[in-house]
Amino acid sequence: MIANSGHDERGKFSGGQAGDQSGTEWQIQKWYNRPWDWVFRYPREDVAEMIASLAEEAAKNNKIGYDQNQRTTFWTQLSKVGYHPKNITIACEADCSAGVAALVKATGYLLNIDDLKNVSKDMYTGSEKKILIEAGFSAFGDQAITNGEGYLRRGDILLCEGHHTAINLTDGIYINDKDHWVHVGGDWFYQNKFGENTKGWALIKETKGNYSHWYYFDASGRMVKGWKWINDKLYLFMPSGDLEGAMCVTDTTGNQSPQNIIE
């Protein structure tokens, strides 16, 4: 599910009445593919949760509507009522990007994070990527993440660059609270619960079995397969199979197999 601010009461982008006359100017709806180019994720769970909960409040308060010509009046009212959209009683307007900017700023004030406070209220979909990265968000552009909801986290911000933005409200089916494998575009990554990729060496326990194995992840977090020079030493990692990517050892007969480590 996403919190989506997309049009006024007439299905247009400007000129309507202040507030949400239809209940759909800013609403909670099923995820859809805009298509999205980027997903932005803040590394702190409390920040992501605050952004999502404020987005839900905004979608449920019909004093908040959509109008590109009055897009910052939402922030004006939000800053007067303690940064919670549910407290707004004067009809006001946002659009998709001004709405996201206002919620990120409000989160900054509520959690006292200066980089979020300083996000511009005038942010638009053409400047959003740069602004959010500078504010401390991680950006994900892999299609397996952007083209479906399975790898999304609650509080992620979705962006179709130059066109539209929205806030994701639910964890995808592949998300959990433990370190986990993620398969994206033919490559494997090993992420923590915040969606951050492991880099360098990692000893990882089998998902099924009693052994752990050494893996190596490059600078972007992709799991290495096959032969790889690391610090002037050549290593072999399983190129395929159930233990793809596991570091190999060579026995006395020259056969190479994954190194099984009992922890």
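Predicted model: local features only at pLDDT ≥ 70, side-chain atom pairs only at ≥ 80, totals over all residues.
Q: How many aromatic pairs does a search of the whole structure find?
A: Rings of Phe, Tyr and Trp (its six-membered ring) pair if their centres lie within 6.5 Å; planes under 30 degrees apart are stacked, over 60 edge-to-face, the rest tilted. The search finds 16 aromatic pairs. Take Trp181 and Trp188: their ring centres are 6.1 Å apart and their planes stand at 90°, so the pair is edge-to-face. Trp181 and Tyr190 are also edge-to-face, because their planes make 65°, with centres 4.9 Å apart.

Q: Which residues form one aromatic cluster with Trp181?
A: Trp188, Tyr190, Tyr215 and Phe217.

Q: Is Tyr190 buried or exposed?
A: Buried means under 20% relative accessible area, exposed over 50%, partly exposed in between (1.4 Å probe, protein chains only). Tyr190 is buried at 14%. Trp181 is partly exposed at 24%, and Trp188 is partly exposed at 30%.

Q: Which charged end sits over the ring of Phe140?
A: The test is NZ of Lys or CZ of Arg within 6 Å of the ring centre and within 35 degrees of the ring normal. The charged end of Arg41 sits over Phe140, 5.0 Å from the ring centre. Lys105 does this over Trp75, also at 5.0 Å.

Q: In what order do the six strands of the open sheet run?
A: Helices (H or I, at least four residues) and strands (E, at least two) are DSSP runs, numbered from the N terminus. Strands pair if DSSP finds at least two bridges between them. The order is 2-1-8-7-3-6, with antiparallel pairing. Strand 2 (26–29) and strand 6 (138–140) are the edges, each pairing on one side only. Strand 3 (residues 38–41) pairs with strand 6 over three bridges. Arg41 stands opposite Ser138 in strand 6.

Q: Which strands does helix 1 touch?
A: Contact means heavy atoms within 4.5 Å. Helix 1 packs on the sheet, touching strand 1 (2–5), strand 2 and strand 8 (164–168). Its buried residues include Val47, Met50, Ile51 and Leu54.

Technical notes
Residues numbered from 1 in each chain as written. Heavy atoms only, no water. Axes fitted to C-alpha atoms, helices over the stretch in contact; angles between N-to-C directions.
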